[in-house]
Amino acid sequence: MAEVVQAGLWGLLAGSALLLGAAFGYGLRVPQRVIAMVMAFGAGVLLSAVSFELVGEAYEQAGITPAAIGTLVGAGAYTAGSLWLAVRGARHRKRSGLQSAQSQPSEGEQGGSGMALALGALLDGIPESAVIGVSLLDGGAVSLVTVAAVFISNVPEGLSSSAGMKRAGRGKAYVFGVWSAIAAASTVSAVFGYTVVGAFSPAVIAAVTAVAAGAILAMIADTMIPEAFQETHLAIGLITVCGFLVSFALSHA
């Protein structure tokens, strides 16, 4: 099978976890504490993958300068995009909506918030999928750890966000339409990561990997950890470490 097709399929697999999470979040009454615990675990998984699979790989390929600059650029770009979306109603896009002060607004409460939520989901998902395609450039085999980390973290993201969308009064067609579109975008992003980024030098590839890592790190701190802490409180540390160790074990298996 052509590697570009493999990149797309791996990206689709990782993105499909958002749909799986959305199905749970929209169709079932999942306890808030369970959502928070799964979110904390997913944050730990991603933190480990970013550390050992992305930033570590960028450092080995190009050294500290491209890795550090790329990580800062990625975090800065994500933060700028998130700030732009926040004023348009997507600040709490991963919140499940139990606390009214930290819930997603309905379209009636803030016009255009539905589109902002969709763009926010796209902003969160694109860096993760792009690095899946980039990982195929290293020997022609995808990083299964990266795919597993993105898949595991996408389930609670889709679960919590879709539960919040439902509480904000958004219908099934909107919720699953958004996550289906993001899953498709994940496929395109993985293909883009393999085809476009692969044409550049190792230093540029390393920098792009670091940019994605920085965006993912900013996303974890900005959206995942606050939602997880809301209900788990002091337990968040232990649960996050468990997720970190699972991903660490996979990367060293």
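This is a guided tour of a predicted model, moving from the whole chain to single residues. Residues are numbered from 1 along each chain as its sequence is written, and side-chain values use heavy atoms, with hydrogens and water left out. Because the model is predicted, local features need pLDDT of at least 70 and side-chain atom pairs count only at pLDDT 80 or more, whereas totals for chains, interfaces and linings use all residues.

Of the 253 residues, 48% are buried, meaning under 20% relative accessible area, with exposed being over 50% and partly exposed in between (1.4 Å probe, protein chains only). The accessible surface comes to about 10700 Å², and 72% of that belongs to carbon and sulfur atoms; such areas come from the Shrake-Rupley method with a 1.4 Å probe.

Next select residues 32–62, helix H2, whose 31 residues reach 43 Å from the first C-alpha to the last, close to the 45 Å expected at 1.5 Å a residue (1.5 Å times one less than the number of residues). Centre on Val50, where H2 bends by about 35 degrees, the angle being taken between axes fitted to the seven residues ending there and the seven starting there. Just after H2, Gly63 takes a positive phi of about 95 degrees.

Stay with H2 and show the side chain of Phe52 together with that of Phe248. Their ring centres are 5.0 Å apart and their planes stand at 65 degrees, so the pair is edge-to-face (centres within 6.5 Å; planes under 30 degrees apart stacked, over 60 edge-to-face, the rest tilted). Phe52 lies in H2 and Phe248 in helix H8 (residues 236–251), so the pair ties together parts that are 196 residues apart in sequence. Phe52 is partly exposed at 36% relative accessibility, and Phe248 is likewise partly exposed at 31%.

Now move to Tyr26, where Lys166 lies over the ring face at 5.0 Å from the ring centre, and then to Tyr174, where Arg170 lies over the face at 5.5 Å; the criterion is NZ of Lys or CZ of Arg within 6 Å of the centre and within 35 degrees of the ring normal.

Finish at Ser186 in helix H6 (residues 172–195), which is buried with a relative accessible area of 2%. Leaving aside neighbours within four places in sequence, Ser186 is in contact with Gly11, Gly15 and Ser129, contact meaning heavy atoms within 4.5 Å.

Conventions. Helices (H or I, at least four residues) and strands (E, at least two) are DSSP runs, numbered from the N terminus. Rings of Phe, Tyr and Trp (its six-membered ring) pair if their centres lie within 6.5 Å; planes under 30 degrees apart count as stacked, over 60 as edge-to-face and the rest as tilted.
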